[in-house]
Amino acid sequence: MVKNLFASQIYQAKIMKSKTDLLELSREIYKIRDIDLVGQKWSKKNYVTGYTSYGSMDQLQQFSSSFSDLNQMLKPHLKTFLKSLGFKISVNQLQLNSMWTNIMSQGSHHSFHIHPLSVISGTFYVQVPKGSAAIQFEDPRHGLMMASPPRDGVFHSLVPTAGDVVLFESWMRHQVPAQTVKQDRISVSFNYDWR
Ligand SMILES: [Fe+2]
């Protein structure tokens, strides 16, 4: 008998179905990009060919109701995920620490990273053209594997669709390989901390 222990969990759910709502949100995000000159400059250096408000406007929940509404919409999903993870804290003990937006244009990518000091991180997908880059998670045991032969399943690619949210524990390493299609992939990312 083989037992699977200490499985990693990724949460995915469709939280926005209306194409009009998604389109409106994408328009708002392009407007943010257009006014955010500091972010454009930051992105030129740190997010080549794309735009992210990570280095300039990472409190979007305080900037417009579209994003504070998104925070509210996430609550029941966070609650479910916390329960599934076995955490002994309630959803009210999580606090939205930061929320920013990303426009991945053709050629932009985001290499492997974690979101330090947070509990749950995630991304809401606003626009995901066909053929867009996936989000790729790394087996968290990878760095501990000594003298281990190559094996399948060290990386898992998850392809979201517009309106999806993906939640994961903040220590889980992930990347987004290069966006190869011409249309932009647009998302909103966030971190929840334990208060
Ligand atoms: Fe990330």
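Rings of Phe, Tyr and Trp (its six-membered ring) are taken as paired if their centres lie within 6.5 Å; planes under 30 degrees apart count as stacked, over 60 as edge-to-face and the rest as tilted. By this rule the structure holds 6 aromatic pairs. The rings of F112 and F155 have centres 5.6 Å apart and planes at 35°, so this pair is tilted. The pair links distant parts of the chain: F112 belongs to strand 4 (residues 110–113) and F155 to strand 7 (residues 155–158), 43 residues apart. Strands (E, at least two residues) and helices (H or I, at least four) are DSSP runs, numbered from the N terminus.

The model is predicted: local features need pLDDT of at least 70, side-chain atom pairs count only at pLDDT 80 or more, and totals for chains, interfaces and linings use all residues. Residues are numbered from 1 along each chain as its sequence is written, and side-chain values use heavy atoms, with hydrogens and water left out.

Burial is given as relative accessible area (buried under 20%, exposed over 50%, partly exposed in between; 1.4 Å probe, protein chains only). F112 is partly exposed at 23%. F155 is also partly exposed, at 38%. A further ring pair joins F190 and Y192, with centres 5.7 Å apart and planes at 75°, so that pair is edge-to-face. F190 is buried, with a relative accessible area of 0%. Y192 is buried too, at 1%. Elsewhere, ring pairs connect W42, Y54 and W100 into a cluster.

Two strands pair if DSSP finds at least two bridges between them. Strand 6 and strand 9 (residues 174–176) pair in the antiparallel sense over 2 bridges.

Q136 lies in strand 6 (residues 135–138). The bridge partner of Q136 in strand 9 is Q175. The side chains of Q136 and Q175 also make a polar contact at 2.5 Å. A polar contact is a pair of N or O atoms within 3.5 Å; within protein, one must be able to donate a hydrogen and the other to accept it, and residues adjacent in sequence count only if both atoms are side-chain atoms. Q136 is buried, at 16% relative accessibility. Not counting residues up to four places away in sequence, Q136 touches F112, F155, H156, S157, R173, H174, Q175 and P177. Such contacts are heavy atoms within 4.5 Å.

The protein donors of the iron ion are H113 (NE2), H115 (NE2) and H174 (NE2), lying 2.1 to 2.2 Å from the ion. Donors are N, O and S atoms within 2.8 Å of the metal (3.2 Å for Na, K and Ca); water is not among the atoms, so sites may look incomplete. The donor residues are spaced H-x1-H-x58-H in sequence. H113 and H115 are both buried.

T101 sits in strand 3 (residues 94–104). T101 is buried, with a relative accessible area of 0%. The side chain of T101 reaches the backbone oxygen of S187 at 3.0 Å. Leaving aside neighbours within four places in sequence, T101 contacts I29, Y51, T52, S53, L60, S187 and V188.

Y11 is part of strand 1 (residues 11–14). Y11 counts as buried at 16% relative accessibility. The C-alpha atoms of Y11 and L167 are separated by 4.9 Å, although the two residues are 156 residues apart along the chain. The side chains of Y11 and H77 are joined by a polar contact of 2.7 Å.

Most residues other than glycine have a negative phi. F6, a residue other than glycine, has a positive phi near 55°. F6 lies in the segment before strand 1 and is exposed at 80% relative accessibility. T49, not a glycine either, has a positive phi of about 75°. T49 is found in the loop between helix 2 (37–46) and strand 2 (51–52). T49 is partly exposed, with a relative accessible area of 46%.
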